[in-house]
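Work through the exercises below with the model open beside you. Each task is followed by a solution in steps.

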Amino acid sequence: MHTFSISIGLSNVRSLFPGFLISALIALAAQFISEHYGAPAMLMALLFGIALSFLSDDPHCETGIAFSARSVLRFGVALLGMRISFNMAADLGWAIVCLVIGGVIATILFGLLIARLFGHGSRFAFLSAGSVAICGASAAMAISAILPRDDRTEERLVFTVVGVTILSTFAMIVYPILADALGYDAKTAGIFLGATIHDVAQVVGAGFSISEDTGDVATVVKLIRVAMLAPVILVASIIIRRVSMTDQDSAKRPPLIPAFVAAFAILVALNSFGFFPSSLTTLAAEISRWALLTAIAAVGMKTALKEVINVGLPAISLLVVETTFIGCLTVAALYWMV
């Protein structure tokens, strides 16, 4: 019996390995391009994956690609929790924390309210607004993991990741110039950049392009936005369970708290009480980044470029409007607070 169980386990590993290996190799290639030519690694992984989308139909790779797009993704999101602690909020002051949290909530509600004007339903509205409000591509992948799946799930996710990454890269270049034009000091500029730019990497790039102090503040503010991932997904899971799943048997409903969200919250709590040495949190951040790169490569392989293009101009417009909203809201709040 024991030998039989081992053989089944080895068989599962063999079925997962080819697809997982290809996803990991794409992640490596994307990181190489990012380090040597400055292109966003997440965007490169996604585009390389789309270029190899034919592999998702290969029976040898299909299982591993699906595993990477789902399980490796959730593992990477959960590990993000080790980068965050409650002390970050205390260091900034609760007024700034309320500004950041309020911006996240307001942007998500704004996206849900205006999405129908652009011809989109609540799924794409929540996906796009959540990615803009919280942490770009990482948030988009985490939110997509809890939304009810349909035949357009991958297409919406890929489009959102591409859109927020491009907008975030644009903001990394333009927002430091805007912060200077608005007369912000180092701390205020850091708050502005951390509260408005979508992806963590671009926040770091924009912040440290101004000064070290600005970069430190921007990074902390951004990680507070990342911390909002768990409560936002928890609330969304409850709503999806009660509204979208009312016509299904309770046994088929998604869990009230997805396991990866619970793991994220537990790791945040443990890190806040100093359970992890700095070397371990640094290692976890690196593993998380590689896991998310591997996952987005797999998502790209599961998507046809033609389907992404079909999302159309209204979706682009919605992302731009949501990005503009959180930017203007933050500038207005800082005007009254500073």
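**Exercise 1. What is the volume of the largest pocket, and which residues are the closest to its centre?**

Step 1. The volume of the largest pocket is about 600 Å³. Of its 28 lining residues, Met42, Val200, Ala201, Gln202 and Arg289 are the closest to the centre. The model is predicted: local features need pLDDT of at least 70, side-chain atom pairs count only at pLDDT 80 or more, and totals for chains, interfaces and linings use all residues. Residues are numbered from 1 along each chain as its sequence is written, and side-chain values use heavy atoms, with hydrogens and water left out.

Step 2. Apply the terms. On a 1 Å grid over the protein atoms alone, a pocket is an open set of points with protein on both sides within 12 Å along at least five of seven lines, whereas in a cavity a 1.4 Å probe fits but cannot get out; lining residues have an atom within 4 Å of a point. Grid points are joined across faces, edges and corners, and a volume is the space filled by probe spheres set on the points.

Step 3. Assign the lining to helices (DSSP runs of H or I, at least four residues, numbered from the N terminus). At least two lining residues each come from helix 1, helix 2 (41–51), helix 7 (136–146), helix 8 (153–181), helix 10 (200–210), helix 11 (212–227) and helix 14 (278–301). Helix 14 gives the largest share, six residues.

Step 4. Sort the lining by class: 16 residues are nonpolar, eight polar and four charged. Here Ala, Val, Leu, Ile, Met, Phe, Trp, Tyr, Cys and Pro count as nonpolar, Asp, Glu, Lys and Arg as charged, and the others, Gly among them, as polar.

**Exercise 2. Describe the largest cavity and its lining.**

Step 1. A search of the whole structure gives one cavity of 30 Å³ or more. The largest cavity holds about 40 Å³ of space.

Step 2. Its lining consists of Leu127, Ser144, Leu147, Pro148, Thr153 and Arg156. By class, three of these residues are nonpolar, two polar and one charged.

**Exercise 3. Which residue forms a salt bridge with arginine 289?**

Step 1. The rule asks for a side-chain nitrogen of Lys or Arg within 4 Å of a carboxyl oxygen of Asp or Glu. The count by this rule is one salt bridge.

Step 2. The partner of arginine 289 is glutamate 286, with the closest N and O atoms 2.5 Å apart. Because the two residues are three apart in helix 14, about one helical turn separates them.

Step 3. Arginine 289 is partly exposed, at 30% relative accessibility, and glutamate 286 is also partly exposed, at 35%. Buried means under 20% relative accessible area, exposed over 50%, and partly exposed in between (1.4 Å probe, protein chains only). Arginine 289 is also among the residues closest to the centre of the largest pocket.

**Exercise 4. Locate methionine 172 and give its C-alpha distance to serine 209.**

Step 1. Methionine 172 belongs to helix 8. With a relative accessible area of 27%, methionine 172 is partly exposed.

Step 2. From C-alpha to C-alpha, methionine 172 and serine 209 are 9.2 Å apart in space, and 37 residues apart in sequence.
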